[in-house]
Amino acid sequence: MLRSKSRRKTGPSEATQRLIWDRADYACERCGKHAPNHGGQIHHRNPRKMGGTVRPEANAANNLVLLCAGCHADVESNRAQARKDGWLLQDYQPPEVFPLTRIDGRQFLLVGEGRIWL
């Protein structure tokens, strides 16, 4: 009999997920659409890499954003622009010092568990 491998949990805790949804006021942090109606998904700015990671900073609130399904697909398929706008970061880039640029041009920083508009 083959035993299936158990998948280890590498994503954010339920408490962190709630914090992200609350911080975003249930709206996509990139375009502002009501996320529950548009397939809201939590996105890692510093990606977890294939297979995930258990590094705590990967699932810290300042590395996570709430995106609608359309924005998440756009960020993943237009990676150069996503890096320019702060939605994707390199491993060595700390998320708390790189602002995010929304579709409307407004910018903000994620500091700790909150957001600071620039």
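Author: First, a term. A pocket here is an open set of grid points with protein on both sides within 12 Å along at least five of seven lines, and lining residues have an atom within 4 Å of a point. Note that this is a predicted model.

Reader: Fine. Which element gives the largest share of the lining of the largest pocket?
Author: β1 does, with three residues. At least two residues each come from β1, α2 and α3.

Reader: What volume does the largest pocket have?
Author: About 200 Å³. The lining has 14 residues, and His 44, Pro 47, Arg 48, Arg 79 and Leu 88 lie nearest the centre.

Reader: Switching to cavities. How many of 30 Å³ or more turn up?
Author: One, from a search of the whole structure.

Reader: Which residues line the largest cavity?
Author: Arg 30, Asp 74, Val 75, Asn 78, Gln 81, Ala 82 and Asp 85. The elements giving two or more of the lining residues are α2 (69-77) and α3 (79-84). By class, three are charged, two polar and two nonpolar.

Reader: New topic. Where does Gly 32 lie?
Author: In the loop between α1 (14-23) and β1 (41-44).

Reader: Which residues does Gly 32 touch, leaving out those up to four places away in sequence?
Author: Ala 27 and Arg 102. Gly 32 and Arg 102 are 70 residues apart along the chain, yet their C-alpha atoms are separated by 8.5 Å.

Reader: Why call Gly 32 partly exposed?
Author: Because its relative accessible area is 35%, and partly exposed covers the range between under 20% for buried and over 50% for exposed.

Notes: Residues are numbered from 1 along each chain as its sequence is written. This is a predicted model: local features need pLDDT of at least 70, side-chain atom pairs count only at pLDDT 80 or more; totals for chains, interfaces and linings use all residues. Side-chain values use heavy atoms; hydrogens and water are left out. On a 1 Å grid over the protein atoms alone, a cavity is a set of points where a 1.4 Å probe fits but cannot get out, and a pocket is an open set with protein on both sides within 12 Å along at least five of seven lines; lining residues have an atom within 4 Å of a point. Grid points are joined across faces, edges and corners, and a volume is the space filled by probe spheres set on the points. Helices (H or I, at least four residues) and strands (E, at least two) are DSSP runs, numbered from the N terminus. Ala, Val, Leu, Ile, Met, Phe, Trp, Tyr, Cys and Pro count as nonpolar, Asp, Glu, Lys and Arg as charged, and the others, Gly among them, as polar. Buried means under 20% relative accessible area, exposed over 50%, partly exposed in between (1.4 Å probe, protein chains only). Contact means heavy atoms within 4.5 Å.
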